[in-house]
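Please keep the structure open while going through the points.

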Amino acid sequence: MGKVEKLTTGTTGGPVFVYVQDGRIVRITPMEFDDSDAPSWVIEARGRKFSPPRKTTLSPYSFAWRSMVYSPKRLLYPLKRVDFDPDGERNCTKRGESGYERISWDEATNIVTNEIKRIKREYGPAAILSTASSHHLWGHLGYRHSTYFRFMNLIGFTYADHNPDSWEGWHWGGMHQWGFSHRLGIPEQYDLLEDALKHAEMIVFWSSDPETTHGIYSAFESTCRRQWLKGLGVKMVFIDPFYNHTAGMYADKWFAPRPDTGNAMACAIAFVWITEDSYDKTYIETRTVGFDKFKDYILGKEDGIPKTPEWAEEESTIPAREIKALAREWASKKTMLAAGGLGGWGGACRSATGTDWARLMISLAAMQGLGKPGSNIWGTTQGAPHNSDFLFPGYTEGGMSGDVDNSAAGFRFVYRMHKQPTRSNINAPMGQHIPRLKIPECILDGKFEWRGKGFCGQSIEAQFHKYKYPADGYPEIQMYYRYGGSFIGTMNETNRYVKAYRTERLPFAVNQSIWFEGEAKFADIILPACTNFERWDISEFAGCHGYIPDNTSQVNHRVITLQKKCIEPLGESKSDYEIFTFLAKKLGFSEVYTEGGLSELDWVRRYFDATDLPKYISWDEFFKKGYFVVPIPEEYKATPALRWFAEDRKRDTPDWGPHPECQEEFGKGLQTTSGLIEFESSSLKKFDPEDEERPLIPKYIPSWEGHHTTRLYTKYPLQLISPHPRFSFHTMGDAKESWINEIKDHRVLKEDGYYYWIIRINSKDAKERGIKENDLVKVFNDRGAVICAAQVTERVPPGTVHSYESSADYDPMGKPGESTDRNGCINLLTPSRYITKNSCGQAPNSCLVQIEKWKGESRK
Amino acid sequence: MKKWNLVIDVAKCHDCNNCFLSCKDEYVGNDFPPFSVAQPNHGHRWMNIMRKERGQYPKVDVAYLPIPCMHCDDAPCIKKSKDGAVYKRDDGIVIIDPEKAKGQKDILATCPYGAIWWNEEKAVPQKCTLCAHLLDEGWKEPRCVQACPTGALRVIYAEDFEMQKIIESENLEVYQPQYKTRPRVYYKNLYRYATCFIAGSVAIRDTDECAEGATVSLIKGSKKTIAEAVTNNYGDFKFDGFDEDGGAYSLDISYKDRPKKIIELELKTSVNVGTILL
């Protein structure tokens, strides 16, 4: 046995030490710092000192990486669908059924590049559709904004724009109340940890489960902070239809409103504050506009219905007296509103009532003096002391693509990194687009119209811009180059996606994937990619930025990691960069793609040089040690988020926006026309004042798929919520024979040897249906059916059921796209309808289903 | 002689499974002679996390109990194994010798905690070694403790008399003491898993307000008041830490000048008595 080497890499769930012996990974651990690493910050508050542990935490899925790297589901060779012949019968409608044969890289790349050339020659490059899954394996050069965009920009393609799935209600609603388009409608969070430790008396977690979702990418870094706050006696109240895992640790009180009715509760809280005169009137007068209209609505002067706690009880099932008690406690205590896990976000924003929910959260926070000490919207995950002056770009900042249109490269990074940045003229506002949620309609129907191109961060008005497919003068899609394969598990009403593959209207489908799962099983050619343990890269712990500037304030220490190539790629798999270079060679532009032959390690070195790292550490030292902890300046001074706004000063936080063009005076005020928080939205007024689905002031509008949709509710009486999963990161970590499957609360192993997805159902609903713990059940509605294992629980109220989204694999029991799924793709059931006709985001948490005991035969 | 002890705080565990997964990462596919041969890819739970949900909607809580090998000082597996296949190291760690234990499937049944697993392929019984191979190399803690992000797991390397002081000052308990195996794994806040609660709310009927400040007395059997609680601003009260199937209890509720109310109950398992209207 050879010597064990201790290497470094970064994962989506945190940086790690990787122990390698004889070319094999033997161990993966979190990082423990030594004395040469920068000191940790210390916050002094209420007579105590708070400082984080001298190590990193790690998300569950990152501990399971060894089982995924060496998974039997790894794609080790290029594959071709057996009945696909590019020069003869293509048998497109057989996708998902025909089976595969091994071919060489040369054959595979010949087929792919010949198709690219043919389609460009016959239709033009916009007939090539491509999109990536949301979350690539960690590494700022390997990320989709970098390696992938660089290649795709050079061949030309129509991009399926991603809807702002994590932001939805904040993006389509909140933005119209307070701007923050550069954060897609969610607020800055600077230094709110210190503010909370010093001043907060209560935290209301509303649709927020940071122990599960970790803000984003930041493992359990904020866990110690919630423990400190709890230790200080800060009261913690949870509003969530599911008794979530953060509630399990800290809840002093739990409210479980019926899904999609939290807005009624929010209106009633405002009612109590208005009628009992317990809101911050000076703040409302000086820092907001349009409150009178909102007040009239709440008091019933507009529609004759006072939004009383008794009225809200009817809608939400929460007793009126408890809503009153909550409103009074909230008004009497300095309260942080953790609306969503990041400060913003939250499953409630992905529902039919999501735009109004986000606006009501801002409204409530404003009524209690948002920005004043201890009173803010703060998710408890960001806002640790943070050196924002140290430049290490996030993965969103384009890496090797230098694409200033479709990544955040243009903010600050492209000029330090590139000789030859790339851009696309098709994936540009004036080019052709497809919205990711409507890929099936675009392929199958050949036409679609919508508003807003993906993440509309440029301006508030960008989301009003109307698009159509095909764009004038552009071709219809002839080829789909899919990078990853998660959508059957992650998008909505996803039998549509399966059907979109099984049609002659899509002559060619390629999938570049690590594992044989999900959509990969529907491609004509599969190109096997390797994991980030098998290639060079560089990254920072949770380093995202872009639309979440300075989100590295989530972690307790900014850790920048050299992602060493720990092992050789398995089988014939290749890194994405190598695959694209191979294709580029056959297309005649590999010199351009590789900027004259740069290797992946060369790019890593160039990235290093373009950051602030060389000011602190030499390349040789960094290469040897493998990581660097960014120091906090000795004279660090906290500048709490939005304090400047509350006090009507110039902004003193290091936030990246708003753009000066939308400010009366540079650096002062919000992005709204008035510069203030707008209860009555001026941007909506200018766009469409008659839009009843998205009114000028936030309201409670009953869900389009909920307890008031009587016909459907009679047939499907259970309201399904499907939040982000706990143990996997979307599909990363699930299925593929990963150890994650064995976690008791992730999947259930049944007698037939199959690991079933879990659905959580209240004991009363289970009893009515004769369902016991771990019974197999069929969850269904008109959109499809999924077999799950039942977990009988009190963590959801009667009438609500809970199942995480993001099954990695899809296993239809009959014809693909038309039969029951056994692998737990709960998103087969969720609606594909937009939140409102002009809010083009998804609403999976508005979903009615029925559940019955599964009587089907055992598998095999 | 210093020895290893593991302390698990039930109140700090939220089932993240980092302990379970880091254990798999350490042992699946990796042999650490002479302490262990590789754990199979699937099926074993050397750290077995149990879940206990208590109460009824909306008065619920949930607790998790991670169960590893208890490294008992009076371990039945040591006594009943053949050829000294299971032994205790001087530092307190119990090891199953994978060579000597080959074929000895009977060892599984000796453990009252169910902490021993059978490796079908290699025909050996297996369990947690507290990462003895790492501790011997100088690691300060086993993988599960390193991986725990909430501080729920902690190892203590101490003389037994020092450990005894910690047990007393922190109110630590062993799980299932009736097995009398003298475990070296201790639990804090074990009541969250092993006992039950009585909870409810008090409200005022005519005004439909939560009754804050109501006094609730818990009476065991016929007369004896064993605990008293004052309702919070939601009218909520909770008594915790009772044995399941604990017999008859009653709640005596008084609020200002309202007539008292008495609720009788037979305690089987955690119970939400609902909203008591005065």
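A residue is called buried when its relative accessible area is under 20%, exposed when that area is over 50%, and partly exposed in between. By this rule A:Asp537 counts as buried, because its relative accessibility is 0%. The structure is a predicted model, and the points below should be read with that in mind.

**Salt bridges within the chains**

- Over all chains, a search of the whole structure finds 90 salt bridges.
- A:Asp537 forms one of them with A:Arg535, where the closest N and O atoms are 2.6 Å apart; A:Arg535 is buried as well, since its relative accessible area is 4%.
- A:Arg605 and A:Asp609 also form a salt bridge, with 3.5 Å between the closest N and O atoms, and both residues lie in helix H23 (residues 600–610) of chain A, 4 residues or about one turn of the helix apart.
- In chain B, B:Asp136 forms a salt bridge with B:Arg89, the closest N and O atoms being 2.8 Å apart; B:Asp136 belongs to helix H4 and B:Arg89 to the loop between strand E4 (86–88) and strand E5 (94–96), so the pair ties together parts that are 47 residues apart in sequence.
- B:Asp136 counts as partly exposed because its relative accessibility is 45%, whereas B:Arg89, at 14%, counts as buried.

**Interface of chain B and chain A**

- Contact involves 58 residues of chain B and 58 residues of chain A, and the area buried between the two chains is about 4,500 Å², with carbon and sulfur atoms giving 46% of it.
- On the side of chain B, the residues that lose the most area to chain A are B:His14, B:Tyr57 and B:Tyr234, which together account for 17% of what that side buries.
- The rule finds 8 salt bridges across this interface, and A:Arg321 forms a salt bridge with B:Asp208, with the closest N and O atoms 2.9 Å apart.
- A network of salt bridges links A:Arg27, A:Arg66, B:Asp25, B:Glu26 and B:Arg143.

**A covered strand in chain A**

- Strand E26 (residues 718–721) of chain A is covered on both faces, with A:Leu718 and A:Leu720 buried on one side and A:Gln719 and A:Ile721 buried on the other.
- E26(A) pairs in the antiparallel sense with strand E32 (residues 848–853) of chain A over 2 bridges, and A:Gln719 stands opposite A:Leu848 there.
- E26(A) is also joined by 3 bridges to strand E31 (residues 800–802) of chain A, the two running parallel, and A:Thr800 is the bridge partner of A:Gln719 in E31(A).

**Surroundings of A:Lys94**

- A:Lys94 lies in the loop between strand E6 (79–81) and strand E7 (100–102) of chain A, and this residue counts as partly exposed because its relative accessibility is 39%.
- Leaving aside neighbours within four places in sequence, A:Lys94 is in contact with A:Arg81, A:Asp83 and A:Arg502.

**Chain B as a whole**

- Chain B has 7 helices and 17 strands, and of its 278 residues 57% count as buried.

Definitions and conventions
Residues are numbered from 1 along each chain as its sequence is written. Chains are lettered from A and ligands numbered from 1 in the order in which they are written. This is a predicted model: local features need pLDDT of at least 70, side-chain atom pairs count only at pLDDT 80 or more; totals for chains, interfaces and linings use all residues. Side-chain values use heavy atoms; hydrogens and water are left out. Contact means heavy atoms within 4.5 Å. Buried area is the accessible area (1.4 Å probe) that two parts lose on being put together, summed over both. A salt bridge is a side-chain nitrogen of Lys or Arg within 4 Å of a carboxyl oxygen of Asp or Glu. Buried means under 20% relative accessible area, exposed over 50%, partly exposed in between (1.4 Å probe, protein chains only). Two strands pair if DSSP finds at least two bridges between them.
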